[in-house]
Amino acid sequence: MHILIIGNGFDLAHGLPTRYSDFMKQIQIGSDFHSFVINDHGFNKKIFNRVKESIVLKHLKYELQINEGWIDFENEIREIIDGMCELPSLLKKKTYIQNKEIVSKYVLEGERINEVAPFIYRILLHHKEIKYQWTLDELRKLEKNIHRQIRDYIDLFKEYVVWIIQTKMESLSQISIFSKMNVDCLLSFNYTPTFLKLYDIKDENICHVHGEISRNSSNGIVMGAGSDFYDEDKHDKYVEFFKFYQCYKHSTNKNYLNWIDRLEKGYISWDTTFGSPGMEDSFISIFGHSLDPTDRNILKPFLDLKDIPVFIYYLNDMNRFELEKNLLKILGKELFSKYLAEENPKIQFKKI
């Protein structure tokens, strides 16, 4: 049984513009994507303009610039959420009488301005000068507004994937490394049907663990902060933007759990579902996934499977080092050494 796990690097290898940076470059009037949105009668065109003018997009574009064209959306969303959750604790409530009425305001004292997160600092500077005083109603409106901005961003990204599928898919061609693979099961973190379109595999043997987008953007997808970072005492107002909740809300495919169960029990049948003859021929390949710890809950059970080798494909030494660092975060020091540094390591790297 051969399980192939793919991330966004798989789509990029096939020439699809699926980076978040590609997406953000298209959020401008006159772009090809903008023309597509205008002509898509099933999509709310107001979302494009709201995203284009949003403080969330402005913040992400700034982070994109200082990170030299690369952005980690999941971690950026987590930092935005953290900043919003921490803002009230930085404000001091002051109550006084104004026009014979008792008034309460929440004040950011000057010496605390350097404690706010970068995203919050941009909110405070939204009107070109620091806003130090807030009413409770203003704070509630801000929270509601940021919720909508994040939802709009996700909804527009779904439409962007539809644009890719409808305009870029027909020109794709196979890559030899995948056409030569005999893949029994595919675990995809991508939203696109790229592998199914190009390679020989049954649809029922594909698990789009974060959801799949086809010819429209009506399907729910998992696109948010990593589940391990959720703090129930802190993040409850923003739970809808954490991956574990999105998986529950959108009832994403969990067929991969059956694959893990079969491998753990050491039973692989020779049938129409799985073509591999037995456990001795079972292995896992990972291509184009950064191994970011935000996906630890899905990846680690595969990495922990006893006697099942794992092959991780990499581009160059720098790419391998980044993968190794993320593996260390997922596994911890002991398992990292056990799985990678033994005489016959169960996790091995393969250069593309």
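1. D307 sits in the loop between helix 13 and strand 8. Helices (H or I, at least four residues) and strands (E, at least two) are DSSP runs, numbered from the N terminus. D307 has a positive phi of about 65°, although it is not a glycine. D307 counts as exposed because its relative accessibility is 65%. The cut-offs are these: buried is under 20% relative accessible area, exposed is over 50%, and partly exposed lies in between (1.4 Å probe, protein chains only).

2. A word on the source. This is a predicted model, in which local features need pLDDT of at least 70 and side-chain atom pairs count only at pLDDT 80 or more, while totals for chains, interfaces and linings use all residues. Residues are numbered from 1 along each chain as its sequence is written, and side-chain values use heavy atoms, with hydrogens and water left out.

3. L291 also deserves a look. L291 has a positive phi of about 60° and is not a glycine. L291 is in the loop between strand 7 (283-287) and helix 13 (296-303). Is L291 buried or exposed? L291 counts as buried, because its relative accessibility is 0%.

4. Now take K346, in the loop between helix 14 (317-340) and strand 9 (347-351). K346 counts as buried because its relative accessibility is 17%. Which residues does K346 touch, not counting those up to four places away in sequence? They are F302, L303, D304, L305, I308, P309, V310 and Y339. Contact here means heavy atoms within 4.5 Å. K346 and P309 are 37 residues apart in sequence, yet 4.6 Å apart in space, C-alpha to C-alpha. A polar atom of the K346 side chain lies 3.1 Å from the backbone oxygen of L305.

5. T194 belongs to helix 10 (residues 194-198). T194 is buried because its relative accessible area is 1%. Leaving aside neighbours within four places in sequence, T194 is in contact with F10, D11, H14, L16, M169 and L172. The T194 side chain also makes a polar contact with the side chain of T192 (2.9 Å). A polar contact is a pair of N or O atoms within 3.5 Å; within protein, one must be able to donate a hydrogen and the other to accept it, and residues adjacent in sequence count only if both atoms are side-chain atoms.

6. The largest pocket has a volume of about 1,500 Å³. On a 1 Å grid over the protein atoms alone, a pocket is an open set of points where a 1.4 Å probe fits, with protein on both sides within 12 Å along at least five of seven lines; lining residues have an atom within 4 Å of a point. The largest pocket is lined by 47 residues, and N8, W70, G288, H289 and S290 lie nearest its centre. Helix 14 gives the most to this lining, with seven residues.

7. The second largest pocket holds about 310 Å³ of space. Its lining has 14 residues, of which M84, P88, L139, E143 and K237 lie nearest the centre. Helix 6 and helix 8 are the elements that give two or more residues to this lining. Helix 8 gives the most, with five residues.

8. Finally, helix 6 (residues 73-90). Helix 6 is mostly covered, with 14 of its 18 residues buried. Helix 6 reaches 25 Å from its first C-alpha to its last, close to the 26 Å expected at 1.5 Å a residue. That expected span is 1.5 Å times one less than the number of residues.

Definitions and conventions:
Points joined across faces, edges and corners; volume = space filled by probe spheres on them.
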